[in-house]
Amino acid sequence: MTEDILLSVENLKVHFAMKRRGLTGPKSFVHAVDGVNLKITKGKTFGIVGESGSGKTTTALAVMRLVPITSGTITLGDFRLDQLQGEELRRARRHMQIIFQDPYSSLNPRVRAGAIVREPMDLMDVGETSEREDRVAELFRQVGLRPEQQALFPHQFSGGQRQRIGVARALASQPDLVVCDEPVSALDVAIQAQIINLLRKLQDDLGLTYLFISHDLGVVQYICDEIAVMYLGKVVEQGDRISLFTEPLHPYTWALLSAVPSADPALRDQKNRIRLQGDPPNPIDPPPGCRFASRCPFSQDLCTRETPPLRPIKDGHLVACHLVSDDGVPPQHAD
Amino acid sequence: MVEPLLEIKDLRVEFDTRDGVATVIDGLDISLYPGEILGIVGESGCGKSMTALSVMRLVPVPPGRIAKGTIRLQGEDLLQASEKRMREVRGNAISMIFQEPMTSLNPVFSVGDQIAETILLHEGVGKRVAWQRAVEMLDAVGIPAPEIRAREYPHQMSGGMRQRVMIAMALACQPRVLIADEPTTALDVTVQAQIFDLLKDLQEKTGAVIMLITHDMGAIAEMAQRVVVMYAGRKVEDGPVDEILTNPKHPYTAGLIGCVPHLSVNPTEERLPLTDIPGVVPPLTRLGKGCPFAPRCVKALDKCGWEMPPQSVVGEDHRASCWLIENDEI
């Protein structure tokens, strides 16, 4: 590959220990992220999609070093993020920033908007002190706010504007990687479009790289260049946006796609839908084999015994399913 | 001509606020016909949930009040009914599924008890019969091992399960009208699909009329036959779903459809910017005389700012309120 890889994650595992049941009870772990590999190209948007409990947010937080990593390597440019500690880690943080889901709870209600955006620059010593004021004003303009709104407190802004402050704050330290953790799911539909358009414009203008976490397939399809589908801590399928959506291979991807209510009447009928039964199983000490097997309509003996590896089917399109043939034919219903 | 089962006419709901009187619903007409699913869509603050609460007569008074209008359930005006009569209607003839299954279930009673309570209140049956019916309802909404699950408490269940319990409770007395206020917002897509299938299925079996409140045009397309688009407490457009999706007349409806990236089975390389509706829903205390959408409307005329557009018929069973239609500009 000749393209620049900005972030590379290898065999990332994040396990959380559970409380023991009694003094002699067995120690169990929540396998939140269990062996994830990602490579994100500079200037592109990489999406992780999945249901709640799939480990998509934990993956993002692990990249930000906001949760303890059990094992694996994370490389951002020249930094080995998984090995940095203390002051070194703090200095590396200016290269990666995060936009949170909920613009209501992620801004300090007692701090003025301008100070919120300025704080990362002061903390991480970005640029000259004298220039910071101008820089904050410029950031406000970039995200579509007026510079004079710096003096206001978060409650004086609407949800969409608050998310714009969140975006400005994330951009303040001039990061290479911006992690967007469900940046639009707490917003009203009309406001979502404003923020999505803003994120795309900023990417074009500033050459940002996004790691975009979402459960909304429509949004992911629109904004991401490459997408990984996660289920219970593992990537089950990965591909570029065209290939993944035109030829979904994994039964879970297929089920996710068929679950989305569609506004296009023509699309609704021709979809060969898979309906899943029940809820995702518990990620505490998951059983061997494919984790989707208990809900998969095609599952066979092999699926409950052996964990399927994530293997390439064609250029850049990977899938972890025993039943997908090597030339990329997904499992079919018998009828 | 089929008689509507539920008919809302010229409804006006006001709230006293520190900034003066907010008109949260104004001049709203909605009819629900037997056997249909009617969708109501709009952003937050457009009066969707308040419409539902008005039908249930659950608008908090004070600070709110229903200032004007009628809501007729098979001819009976619910706004004139006594509180005693309303208690008979709620949960019986009309019932409601709320947005948040976690906060609308009582944490200290088992789910079976909560469903049985509705049946006990409305049907005059004994405790054992009511419990039996509750278990049957849990079975009907697809909860496995209903006898055991009925004894469990809400915290022992997942979000999807809780929403199924809510649905079981709402349908326990075979209501004629079921109001579903954003029934799937807190749920994952695969679970949402299950709940939608369940609602459609139960609707076919029981023949109840469903009023589905949502902000998701996709959900409307999937579920409803007719849709009402609301903005700032007013109906701006209504008509058959397929017609509105392919041929929206009001700029707000067009904006609502265009602002969401719709999932496509064959995406293209090119990605056009999403239509955005600039600004936010205005504070309802400060609505002027004109079209409430005018300040955010890219096509607004001078006239829109000071005069309310009348409702025009733009197609079969399709109406919209916009000056552009009056002026033949759409």
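Visitor: How do β11 and β12 of chain A pair, and over how many bridges?
Guide: Strand β11 (residues 311-314) and strand β12 (residues 317-319) of chain A pair in the antiparallel sense over three bridges, where pairing requires that DSSP finds at least two bridges between two strands. Strands here are DSSP runs of E with at least two residues, and helices are runs of H or I with at least four, numbered from the N terminus. This is a predicted model, in which local features need pLDDT of at least 70 and side-chain atom pairs count only at pLDDT 80 or more, while totals for chains, interfaces and linings use all residues. Residues are numbered from 1 along each chain as its sequence is written, and chains are lettered from A and ligands numbered from 1 in the order in which they are written.

Visitor: What sits opposite Arg311(A), and what's in the turn?
Guide: Arg311(A) faces Val319(A) in β12(A). The two strands form a hairpin with two residues between them, and Gly316(A) in that turn has a positive phi of about 75°.

Visitor: Staying in chain A, which residues of β6 are buried?
Guide: Met96(A) and Ile98(A) on one side of strand β6 (residues 96-99), and Gln97(A) and Ile99(A) on the other, are all buried, a residue being buried if 20 or more other C-beta atoms lie within 10 Å of its own, exposed if 12 or fewer, and partly exposed in between, with C-beta atoms placed from the backbone. Four bridges join β6(A) in parallel to β7 (residues 177-181) of chain A, and Gln97(A) stands opposite Val178(A) there.

Visitor: Over to chain B: what's the strand order in the open sheet?
Guide: The order is β2-β1-β4-β5 in chain B, with antiparallel pairing. Because β2 (20-32) and β5 (76-77) each have a single partner strand, they stand at the edges and one side of each is left without a neighbour in the sheet. Strand β1 (residues 6-17) of chain B pairs with β2(B) over nine bridges, and Val13(B) has Ile25(B) as its bridge partner in β2(B).

Visitor: And how do α4 and α5 of chain B cross?
Guide: The axes of α4 (residues 111-123) and α5 (residues 127-140) of chain B come within 8 Å and cross at roughly 120°, the axes being lines fitted to C-alpha atoms over the stretch in contact and the angles running from 0 to 180 degrees between N-to-C directions. That makes α4(B) oblique to α5(B), since angles under 35 degrees count as roughly parallel, over 145 as roughly antiparallel, 65 to 115 as roughly perpendicular and the rest as oblique.

Visitor: Which elements of chain B touch chain A?
Guide: The contact takes 41 residues from chain B and 37 residues from chain A, where two residues are in contact if their C-beta atoms, placed from the backbone, lie within 7 Å. The elements giving two or more residues on the chain B side are α8 (189-206), α9 (217-223), α10 (241-246) and α11 (251-258), and α8(B) supplies the largest share, eight residues.

Visitor: Where is Pro261(B), and what does it contact?
Guide: Pro261(B) lies in the loop between α11 and β11 (311-315) of chain B, and Pro261(B) is buried because 21 other C-beta atoms are within 10 Å. Leaving aside neighbours within four places in sequence, Pro261(B) is in contact with Gly218(A), Val219(A), Gln221(A), Tyr222(A) and Leu274(B).
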